[in-house]
Amino acid sequence: MSKNISRRQAIKTMVAAGAGVAVAGTLLESCQPKSKNAAVAVPKGPAAEGTKVTTRTWETLGDTVSLLGLGMMRLPQKNRQIDQEATNAMVDYALKHGINYFDTAPAYAGSEVASGIALSRHERSSYFIATKLSNLFGQNPSLEEAQKMFETSLANLQTDYVDYLLLHNLGSYDQYVRRFINNGVLEYLIEQKKAGKIRHLGFSYHGDNANFMKILDCGDYAWEFVQIQMNYLDWKSMNGSTTTDAETLYKALADRKIPATIMEPIRGGMLANVSDAMKAQLASLRSDTSPAGMALGWVASYPDVLCTLSGMSNMEQLVENVATFTDFKEFTPAEDAFMLKLADLYNSNKHIPCTACSYCMPCPSNVDIPGNFAVFNTTSDELNIPNPEGEHDKEYNRRRKIFLNRYNKDLTKGSTADMCTQCGACLPKCPQHVNIPNQLMMIRDLAKALK
């Protein structure tokens, strides 16, 4: 899948995608398990009182970690601020049901403070905190800035130590050297580990396979865990890349006996909001599990996964995910094959590979970048992108209305794609390496042609 979809390409691929969905049954028939067919996959009911999510024990780490972790990047909002009361309630529910891994970062606006408030009300030994050294910006980040960031993290999290500390968002070996080696930051973090302020040291990664291997095997540190992006869409090819795939990253860690924490198992919510055709296929596999639960369960079935992180933003999502991981049943080889066939089908329909992480925000021109991409991707998933160059019939008008309603109503005034000045400020911030200005222009041109 190209990261740079032109308007003409986008329109053409909708036709091909429609054909792909129509033959879904044929594509999947050979690997579909014998189970009860259902029209729509539905979530399991709430977990029973007193039940706990499944855990795995890691001798190399000395920890027993919940297979489901609470990602603290997409916390509930109230008046455009983190809703502390709602966050507290979610943390309480998570701990009550056995979730003990909480992932945050300085780069997640307000998250460390909110996480610290919520978690500090509980016994420190009852949970693991994962945070990151987010010295993401500037050509030559200094040791002093890194030291201040780490000490601020401890203060915000109201703790004396971090259980899992990650070098944040590595994209290449050169970037790793610039941000953590040349300035002595890795040496400083190793000293903090010896002092007991860090228990385990790893890194999170958003780059290609070759650079991943180079960082893994550089010899600067024996990495204790690594965080990678992994979901059934990205297993064979990440965002259509020929040089990056989750399978290679995961197997490289498994070969080295390094446990993996997993980010974006639902692709920023994309795999929770799939088309009706996809829902029907997922339901034929496990009728009591929602699309989000299927995506999470597929990831968690891999034995070298330390923790599957889900950035839950409300109690409803948390309750559903806890139920999915209570008495969790790993996917069989046949079910795994089914999911990968389904990924082939899904990837035949083009998307902008945005995971709504919002690293690109705020935009200097006030464009809601993730919001614009969500309008396009949601409409694309439904096969409802209209073709301005085709016949303007009843079906065209129906699709046109759907797209424009979303574009004009889901996005606030002044935040639509046509406000982009192509300044490029967003480009170095995107962990998915999307050509954001290019994609905004594609959406702008499509909306203009439909008006």
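Lys257 is exposed, with 66% of relative accessible area (exposed means over 50%, buried under 20% and partly exposed in between, using a 1.4 Å probe and protein chains only). Its phi is near 60°, a positive value in a residue other than glycine. You'll find Lys257 in the loop between α9 (246–255) and β11 (260–263); helices here are DSSP runs of H or I with at least four residues, strands are runs of E with at least two, and both are numbered from the N terminus.

A quick word on the model: it is predicted, so local features need pLDDT of at least 70 and side-chain atom pairs count only at pLDDT 80 or more, while totals for chains, interfaces and linings use all residues. Residues are numbered from 1 along each chain as its sequence is written, and side-chain values use heavy atoms, leaving out hydrogens and water.

Gln422 is not a glycine either, yet its phi is positive, about 60°. Here are the two residues together.

| Residue | Phi | Relative accessibility | Loop |
|---|---|---|---|
| Gln422 | about 60° | 49% | between α15 (394–409) and α16 (436–450) |

At 49%, Gln422 counts as partly exposed.

Now for a loop with a cis bond. The peptide bond from Met361 to Pro362 is cis, with omega near 0°. Pro362 sits in the loop between α13 (333–347) and α14 (369–381).
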